[in-house]
Structure formats: C-alpha cells, structure tokens
Amino acid sequence: MTTATADRKLTAKDFQVPFPNDWCPGCGDFGILNSLQQAFARLGLEAHRIAVVGGIGCSGKAPYYFPVYGVHTLHGRLLPFAQGIKLANPEMTVVGVGGDGDGLGIGAGHFVHAGRRNIDMTYIMFNNEVYGLTKGQAAPTLALGLQTKSLSSPNIQGQLNPLMMAMTVGFTWIGRGYSYNVKKVTDLIVQAIEHPGMSFLDILQPCPTYNNLHTKDWYAGKDLDSGQPRVYWLEDTDYDPLVPEGADDAVLNAKASDFMARVHEWGAEIPAGVFLDNRSTTTFAERIETRIGNYREQPPNKRSIADENGKPTADLTTLFDELRMT
Amino acid sequence: MNNKNNDLAWRVGGPQGSGVDTAAGIFQRACAVGGLSVLGRREYYSNIMGRHSYFDVRVSHRPVHVHRDRVQLLTTFESESLARHAVSVIEGGALFYAAKDTDVEVTEITYLDPRAKQDLIAYLEERGLPPTMAGVLEDARDRGVQTYEADYDQIVQLLADDLNVAHALAARTMNTLAVAMSLALVEYQRKYVYEALEKTWPGRQKIIDLNVAAVDLAYAFVRDTYDTSMFEYRLTPSDVKEPCILLNGNQAVAMGKIAAGMTFQSYYPISPATDESVYLEAHTTFPAGNGDEGSVLVVQTEDEISAVCMAAGAALTGARSATATSGPGFALMAEGLGWAGNNEVPLVITLYQRGGPSTGLPTRSEQGDLWFALNAGHGEFPRIVLASGDLDEAFYDAAEAFNYADRYQTVVVHILDKTLSSKTMTMPPYDLEKITIDRGEIATPDPDNKLFPRFAVTESGISPRPLLGTPGGMHWLTGGEHTPVGRVTEDPVVREAQMEKRMRKMETAAREIPIDEKLRIYGDPDAAFTILSWGSNKGGIREAMEQLAEEGIAARLVQVRLMSPFPTPELEELFASATPLVAVEANFSGQLAQVLRQHTGIACDHLVVKYNGRPMSGRELHEAFKSIHEGNAETKIVLRNPNE
C-alpha cells in the first residue's frame with residue numbers, strides 16, 4: 001500500500017539525482033534503477049515519504065541514486081533496518097534493495113524472519129549470482145559446478161532458490177524480473193509496492209564484470225537454437241498466482257504445488273512475472289493492532305510523549321499499583 | 001547492628017520449579033505490607049527445573065541496600081539447601097530442615113557440585129562428623145544454630161485433615177507453610193501474611209483461603225512444637241506506612257523507559273535482560289494523560305543483530321528506540337552500534353552484564369563488560385556509557401539515557417548487571433516530575449527543500465536532525481564516511497571534518513552533563529581513604545563504610561556513573577588527596593581502575609575484586625577495607641566465598 005499524494009504527474013526524472021553513478025557500464029543495476037524511478041513516478045509518491053534501504057554491495061548503493069531518504073545499511077542487514085523504519089513510521093513506502101549475496105548469504109536469517117512478519121514493504125533482490133563489489137566470489141545463487149571468471153575452480157557449494165525460499169518463509173507477494181525488461185520490471189515493482197504485505201522481487205541481472213556465464217547475451221538466448229530470450233512471462237500462460245483474501249490453507253497449499261512446478265525451471269526457459277499474490281495472510285500492522293488498538297493513528301514516531309513543559313505524558317499509576325505494598 | 005528486632009536476613013532454598021520464588025515473594029510482601037523495608041537477592045541456575053536456587057530476603061526497619069551473606073534464618077525442604085547453606089547461618093540463628101533428610105549422605109545429593117561435595121565432606125571430617133545431613137546439622141548446632149526439625153508430610157496432612165481435602169491439594173501450600181513457619185518464629189503479626197497472600201493471588205479466593213488456612217496451621221504448629229525462646233530475632237510491623245512499591249531492576253528500567261516516552265523496543269531473549277522486554281510486552285499500552293493511551297511497540301527479533309538494527313531504523317523516524325541485552329548479545333551488536341554511532345542515530349542499548357566470557361555464567365553477576373561497552377565496534381565513534389548503581393538510579397537513568405541519545409545524537413549504553421536486574425526492593429513510587437523530556441535538535445526543514453545537510457559541521461558537533469518522513473529533510477545515511485548530506489565519500493578533508501565533528505560531541509557532552517550525573521560521593525567527603533567503584537557494588541560498600549565509621553575510620557566512596565565521556569578532570573581533582581585509593585570491582589582485571597589510569601595516570605593503591613559470579617556483601621567488603629586500613633593487605637584482594 002502507498003499513499004500517493006503528489007499534486008502533478010511525476011516522471012522518472014523527479015526521482016533522479018544530479019550525482020555521478022559509479023556502477024560498471026552495462027551493469028544490470030542501471031535497468032533496475034530506471035524501473036524503480038519510473039515506478040515511484042507512476043505511483044505518484046512524494047519523495048519524503050520514500051525510504052530506499054540498501055545493503056552492502058554494488059546494489060546496496062542504489063539508495064544514493066534517488067532523492068529520497070536513502071539508507072545505506074550493513075551487509076546482510078537491510079531488512080531489519082527497513083522493518084524498523086516501517087514499523088515506527090508506517091506512512092513511509094519502504095523499499096529494500098540488495099544483492100543476492102547480501103540477502104541470501106549473510107542476510108539469510110533476516111530473510112527468513114521477515115517472511116514471518118508480513119510487514120508492508122518491498123524487498124528487491126538484484127540477483128547476479130556473484131559478490132560483485134568484492135570482485136566476483138560465488139554467491140549463494142550460483143549453481144554447483146559453475147565457474148565464473150573470478151573462481152580458480154568450479155563452485156563446490158549448492159545453490160539457493162530465492163523464490164522457493166521466499167515462499168517457504170512466508171512472503172506474500174513473490175515476483176521475478178529481468179533487469180533489461182525495464183517496462184515489465186516497472187510493472188512488477190508497482191505491484192510489489194501496492195501489495196499490502198511483504199513483497200519479494202527477484203530481479204535477474206548480468207554482471208558484465210564478473211559473471212561471464214549468464215551474460216546479457218545468454219539471457220537474450222543468443223546461444224539457443226530458438227535465438228529467443230530465455231525469460232518468458234507467466235502472464236502469458238495460464239499460471240494464476242492469486243490466493244484470494246479469506247482463502248484457507250488448502251488453497252495456499254494447492255498454490256504451493258503450482259508454484260513449485262515453475263520455480264525450479266531454469267536453463268533454456270526461465271519463468272518471470274508474478275509467482276504469488278497472497279491476500280489471505282494478515283499483515284503485521286493488523287497483528288499489532290490486536291495489541292495496540294491505535295497503532296495506525298498513533299504509530300511510534302507520532303506519539304506525543306511529552307507535554308508543553310517537557311514533562312512525560314505517561315502515567316505510571318497503574319503500573320505502580322500492580323507493585324504497591326503500602 | 002546488634003538489635004535483634006527488625007534486622008533479619010532470611011534464606012529459602014530449593015530445586016528450581018518447586019516454588020522458591022513464590023515463597024520469597026510471599027515473605028517479601030508480608031514484610032512490605034507491614035511497613036518494613038525489604039531487599040531481595042535471587043540466585044538461580046541456568047536451568048528450568050531441578051537445579052538449586054535460593055533467595056535471600058533482608059528485612060529492616062530502615063532501607064537496606066545489600067544482602068547479607070551470613071543469615072539468621074534458613075528454611076529448607078530438602079538436603080541440597082541444607083548442605084549448601086547451613087554453614088551460612090550465624091551463631092544465634094536458626095534453620096528448619098526436613099526430618100526425612102537427616103540420613104542423606106553428601107554424596108547422594110545429585111546436583112551438588114563435585115567440588116562442593118568434596119569440600120563439605122572434608123569440612124565435616126575435620127570436625128569428626130559424618131558426611132551426612134546429620135553431620136551438617138550437628139555442626140550447625142555446635143556453632144550455636146537452632147535446628148528445627150519439620151516433618152513436612154505430616155504438617156501437610158494435618159492441614160488436609162483440618163480442611164478435609166486431599167493430601168495433594170494441601171501439599172500445594174508447601175511454600176506458604178514454610179514462609180509462615182519462619183514468620184511465626186519471628187512472631188510477626190499474621191494478618192500481614194494474609195495480605196501478602198491476597199497480593200500474590202489477587203482475586204483468586206479459593207487459593208487464598210487454602211493458603212490462609214496453611215498460615216494459621218503453621219503459626220499454631222510453630223507455637224506448639226518448638227522452643228522458640230532460643231531464637232531471639234523478631235519482626236515487628238511499623239506504624240508508619242509510607243507509600244511503597246516492591247519491584248526488581250528489570251521492572252525499574254522498563255518503567256523508566258515508558259516514562260521517557262520510548263515507543264519502540266526490539267529484543268532477543270537473553271538472561272538477565274529478557275524480563276525487562278517481557279514486562280514491556282505485558283504493558284504495551286498504558287494511560288498517557290488526557291485520557292489518551294500511550295504505547296510501546298515491542299518486537300521480538302530473530303537475533304540480536306536484528307534487534308539493534310531494527311531499533312536503529314525505528315530511531316531514524318523519531319521514535320525513541322532501544323534494545324536490551326547481555327554480554328553475548330552485545331557482542332553481536334557491535335557492528336550495528338558502529339553504524340548508529342557513525343550515523344549519529346539516537347539509540348539506547350541497555351546492557352545487563354552477566355558472568356563472562358562467552359556463555360560464561362548466564363545467571364550470575366559480574367562487571368566484566370566495562371571495557372567492551374566503552375570500546376565495542378571497530379573504529380572510533382562517540383558514545384555515552386552510563387552505569388547505574390541501584391534501583392533508584394536504574395529508573396531515572398533509563399529515562400535520562402534517551403535525553404542523552406537525543407541531545408548528543410548517538411548511542412547510549414546503559415550498563416547494569418544481573419545483581420540489579422534480579423534485586424527486589426521496597427521503594428517509594430518513582431516521581432515523574434523529576435523527568436524532563438528533551439528531544440534535542442530536531443530539524444524543521446523548508447518543505448520544498450530537496451536535500452538537507454543532516455551532518456552539517458557545527459561548533460558543538462551536533463547538527464539539526466530531520467526525522468525520516470519529514471518533507472524537505474531528505475538525506476542519505478550510510479555506514480561509510482559521508483558528506484554533510486550523507487553521500488558516501490573517501491575524500492580526506494571531508495573525512496577529517498566529519499570525524500572531528502562527531503568526536504566534538506563528546507566534548508560538548510562532557511561540558512554539559514552535570515557532575516551529579518557523572519559521579520556521586522558517599523560517606524565522609526573529606527576522608528583520605530577513598531573507594532572507587534561503580535554499579536551494584538554501591539550497596540555493600542556503603543554498608544561497609546557505615547561499619548568503618550562506627551569504628552572511627554573515615555572513608556568515602558566515589559561512584560563513577562558516566563564512563564564515557566570519562567569524568568577525567570573531576571576525578572583528577574577528587575583523587576589528588578586520596579590515600580589509599582581502593583578500587584572495588586566485580587571483575588578480574590579492575591577494569592575501571594585501568595580506565596582511570598588510562599585517562600588520568602592515577603594508579604589505585606589496592607584492588608578489591610570479586611569474580612565468582614556472586615554479589616559483594618557489606619561484611620566481606622568491610623573485612624577487606626579494614627585490612628587495608630591496618631596496612632596488612634595485599635595490593636589485590638580477591639573476595640571469595642565457596643558457600644554461595
């Protein structure tokens with residue numbers, strides 16, 4: 001959910017900054033950046049209501065390229081920072097941006113538990129199968145046996161499937177895109193942000209400097225007989241990602257089966273688009289409201305805690321009464 | 001100190017899960033509702049059921065601040081408590097023991113540590129006594145302790161018969177029976193015990209009635225069974241009853257945070273910090289003046305790294321935010337701490353020290369983390385470290401920590417320990433009039449502004465801070481070195497300016513924070529004999545100094561509270577006339593003594609340390625100070641007690 005209150009039609013230019021970008025030429029990050037700027041414009045978001053929260057890595061620098069509250073956090077930790085911001089100020093649109101190494105290596109624990117909370121925010125993973133900023137080590141998404149140019153021998157660790165993981169841990173909107181399909185990715189980002197819950201968008205991208213296997217040409221299918229791009233779109237099939245509001249576990253489990261069938265597809269055909277759109281799970285804000293009735297009206301950042309004389313508004317009488325002896 | 005009325009130290013022991021805490025709670029409340037001052041000290045194992053736990057309640061006509069390690073009255077239901085604690089009962093004291101335990105051999109006591117077993121057997125052997133509870137009891141009697149045998153089964157059956165209920169039901173009053181037997185022995189008016197029961201089980205009339213019957217039975221039983229004339233200690237309720245609450249350190253800190261307007265706490269469970277967050281969760285909403293409802297959002301995270309990062313994120317939006325943890329958790333927070341310090345985020349971290357290193361002694365106390373609190377996190381960034389010494393400070397410091405965080409825009413480590421967290425005391429309700437809320441310099445940018453210099457270089461080092469979400473306040477935040485608008489930079493000149501600006505805040509803080517917040521002086525302010533200490537040792541030191549004063553020996557305690565920025569000029573001045581200068585610390589190395597030397601060049605003449613995981617008593621401190629005064633003490637004195 002977002003609050004779109006800008007007073008004129010915005011364009012991507014409104015979300016650009018007059019500072020130079022230091023990503024490598026041809027980096028997939030540029031496409032994603034472009035898509036994000038277009039998405040913010042299409043949603044009509046006000047700059048001061050957006051927090052772009054990055055991890056550490058090339059992708060983690062994305063916050064610097066928006067004129068919003070950009071937060072460049074710690075390696076693997078963007079999700080806790082982002083959740084803290086959103087929980088304390090629910091009016092903000094919070095978008096996490098980080099790499100696959102950041103998110104599924106060091107950040108794997110936080111990935112899992114963010115899924116349990118279903119806080120209303122968006123997490124975009126810039127997925128290039130390597131640790132770019134540290135010069136090309138294998139990331140958790142690189143398949144067993146593959147050897148990219150920085151590796152002195154083939155990778156001996158198995159790979160994680162981000163979509164599979166997101167489903168298992170409870171993300172309620174799951175999508176995948178490819179960084180060079182700027183229009184499609186913009187659509188996906190808009191949907192992810194509008195989804196009232198925890199959204200995960202896995203964006204495949206080439207790393208022209210360190211991933212010499214899954215390059216732009218590879219994604220374009222240049223080596224295939226068909227010569228067609230490897231990525232195909234689920235919306236062009238009969239795949240239905242929707243789990244409607246009120247659906248029970250049986251529906252969710254049935255959807256999980258469809259999901260599983262697609263999620264392992266790789267190679268000549270790589271599915272992209274919306275894999276899951278689950279409206280049946282309560283959001284964290286709804287759960288908080290069962291404990292703090294006026295959470296939305298008076299979130300943590302807005303509460304009045306002092307009177308005009310700087311004296312606490314909190315009244316501890318009932319707390320003292322519980323402990324009262326005389 | 002020789003008055004036998006209203007000066008009692010009582011101890012109850014038993015396996016965890018058997019109601020030791022419940023018993024201690026009833027005893028404390030009974031004394032408190034009678035207008036007496038109560039102090040509780042809880043010792044427990046890192047275990048849920050079965051291992052040994054004990055609770056000391058000290059009762060007095062006036063407030064007391066430290067436990068006694070030698071008690072007047074001990075109540076036991078099983079052999080482990082008898083084996084462990086009989087030796088700590090003083091001459092003229094008394095103990096209750098279970099008849100069935102007499103023949104138990106020391107070697108049969110499952111959870112008594114091998115070392116303790118060996119030592120006890122040797123102790124009994126030296127005295128020509130058998131290695132059994134009978135031997136322990138005879139030793140007690142030889143030392144002038146009254147031993148009162150109780151057949152608890154029989155007593156429970158008497159109650160069952162009286163009430164015409166099953167034995168099993170009557171047996172559920174076991175803890176009450178034990179407490180009441182002790183209070184009967186000291187001839188305490190039983191109506192206060194009834195009141196304690198009502199406070200223990202509010203609204204649960206059936207349980208209260210059952211336990212009231214148990215109290216009556218216990219009082220009659222003691223009167224009819226024992227010669228109580230040989231035990232001279234008594235408790236008499238006070239006519240004067242000031243308003244008073246009974247609480248522990250975790251609760252004191254939690255309430256201080258609520259008073260200060262904290263609205264967000266993220267945490268991961270860890271002893272001895274957990275109970276603070278659990279208390280906050282149980283009080284997530286509360287009245288907030290004008291009929292409003294105040295609240296604190298408490299989030300249990302997946303680990304401490306998430307806890308510190310989430311709290312930092314929340315703090316960026318302007319919510320007063322904190323986390324609470326202990327050593328192992330704080331270790332995980334080091335990186336997050338650095339990010340917050342680098343980004344000038346107001347963040348409070350409550351650190352309850354426990355025995356270290358590593359997993360250490362999870363449920364025991366120590367002051368081993370001062371160096372860590374001062375230095376955690378790579379690189380150099382400003383931080384405030386504030387150490388509380390008692391439950392009064394714990395509340396007000398917890399609140400003031402947020403003012404420091406907001407004013408100086410940095411991390412504040414509020415450092416306490418397990419002793420304070422589990423210490424219970426009767427106190428007057430805290431006075432919120434003493435608290436003022438200062439949010440520091442919050443920026444109010446022009447809403448049409450596109451970029452705001454969050455880290456503008458200023459003379460004080462403090463820059464106006466736009467809260468996330470504020471129109472016109474946009475800037476970046478980064479763990480990297482940054483320009484005034486927060487963009488990452490490696491420029492040498494900008495780097496120097498930012499480093500100097502951040503560190504300048506510490507100078508500002510050192511100038512502005514009043515001396516009474518930095519340190520406090522107790523005892524004779526003109527005395528040359530100077531004790532340097534911090535944290536929970538305060539209670540024992542003050543009691544020891546009182547005793548020294550009675551013996552004509554003048555001494556003063558300088559309690560350091562603000563560890564960072566360190567009160568260097570103030571201490572240099574104070575210690576110019578100190579001789580001897582005696583550091584008292586619950587750690588191995590004398591961490592504060594070394595920090596003092598680091599900042600001032602002043603070396604302490606003596607170091608009195610304790611690192612067995614248990615708190616210092618007035619008695620052992622007095623002994624150490626006396627020997628120093630008499631000139632026959634080692635430079636480093638280690639306080640040891642194998643029986644606690």
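1. Ground rules. This is a predicted model, where local features need pLDDT of at least 70, side-chain atom pairs count only at pLDDT 80 or more, and totals for chains, interfaces and linings use all residues. Residues are numbered from 1 along each chain as its sequence is written, while chains are lettered from A and ligands numbered from 1 in the order in which they are written.

2. Chain B overall. You'll find 23 helices and 24 strands in chain B; helices (H or I, at least four residues) and strands (E, at least two) are DSSP runs, numbered from the N terminus. The C-alpha atoms fill a box of roughly 85 × 60 × 45 Å along the principal axes.

3. In chain B, 56% of the 644 residues count as buried. Buried means 20 or more other C-beta atoms within 10 Å of a residue's own, exposed means 12 or fewer, and partly exposed is in between, with C-beta atoms placed from the backbone. Two residues are in contact if their C-beta atoms, placed from the backbone, lie within 7 Å. Among chain B contacts between residues at least 6 apart in sequence, 75% join residues at least 24 apart.

4. Strand β1 and the opening question. Eight of the nine residues of β1 (residues 7–15) of chain B are buried. β1(B) pairs with β3 (residues 52–60) of chain B in the antiparallel sense over nine bridges; to count as a pair, two strands need at least two bridges found by DSSP.

5. V411(B) up close. This residue sits in strand β15 (residues 411–417) of chain B. V411(B) is buried because 31 other C-beta atoms lie within 10 Å. Leaving aside neighbours within four places in sequence, V411(B) is in contact with residues including L337(B), L347(B) and R383(B). V411(B) and N342(B) are 69 residues apart in sequence, yet 9.6 Å apart in space, C-alpha to C-alpha.

6. Domains. Chain B is assigned domain 1 (7–230), domain 2 (247–434) and domain 3 (515–638), with bounds from an automatic or database domain assignment. In chain B, 20 residues of domain 2 are in contact with 20 residues of domain 3. On the domain 2 side that touches domain 3, β14(B) gives the most, with five residues.

7. Where the chains meet. The contact takes 72 residues from chain B and 53 residues from chain A. On the chain B side, helix α12 (residues 304–316) supplies the largest share, nine residues. Strand β2 (residues 69–72) of chain A and strand β17 (residues 476–478) of chain B run parallel, joined by three bridges. In β17(B), T478(B) stands opposite H72(A).
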